[in-house]
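Hello,

Here is the structure I promised to pass on to you. My notes follow just below it.

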Amino acid sequence: MQAAISRHDIAAIAYQHFAADRHTGRNKRLEREFGDLHVLRPLATHVDGAFHVCQPAYRHMKDHGGGRFVLISSSGGAFGINYSTHYATAKAAIIGLTNNIAIEGASYGIRANAVNADRIRTGLLTDEMVAARSKARGLSETDYMSGNLLKREVTADDVANAFLY
């Protein structure tokens, strides 16, 4: 992070981490030992990773009149998700981190937002995944992809434009 700040004089940071996880009954995270790497690794990846990227960026933004953070959360962090306690916990922590960055950074011109990147067609959400997820929920693909506040399929441009505000 320090090299990126020094080299590019970064005033805005977008931190993203996408993790594929299987939400299956065979993967019940609460039933595992607490110290199990299957539980601790996602927490370290999402929470520690975000914190260690945001901390030096925050200092830089504070010293240079502000900036913006965009962190990636999940509906699982806000509402929970079956068989993925570790993932939901990590994403809830991202929401908390984002809120605190926004509160503490406001007087320095620092803004922070988290985006729930669910149901947005990217290289990670393939047509096959959309078909399988919509079928599992008894929905058409159109209804599945429109299951949001806009009531239509959200595009990557929609998300980007929301953060330009």
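How many salt bridges does a search of the whole structure find? The search gives 1 salt bridge, counted when a side-chain nitrogen of Lys or Arg lies within 4 Å of a carboxyl oxygen of Asp or Glu. The side chains of R152 and D158 form it, with 2.9 Å from N to O. D158 is partly exposed at 23% relative accessible area, and R152 is partly exposed too, at 38%; here buried means under 20%, exposed over 50% and partly exposed in between (1.4 Å probe, protein chains only).

Please keep in mind that this is a predicted model, where local features need pLDDT of at least 70, side-chain atom pairs count only at pLDDT 80 or more, and totals for chains, interfaces and linings use all residues. Residues are numbered from 1 along each chain as its sequence is written, and side-chain values use heavy atoms, leaving out hydrogens and water.

On confidence, the chain has an average pLDDT (the predictor's confidence in each residue, from 0 to 100) of 78, and 75% of the residues reach at least 70. Over residues 14-27, pLDDT stays under 50.

As for the fold, the chain has 7 helices and 3 strands, taken as DSSP runs (helices H or I, at least four residues; strands E, at least two) and numbered from the N terminus. Along the sequence they read α-β-α-β-α-α-β-α-α-α. Of the 165 residues, 31% are buried.

Best wishes

Definitions and conventions:
Contact = heavy atoms within 4.5 Å.
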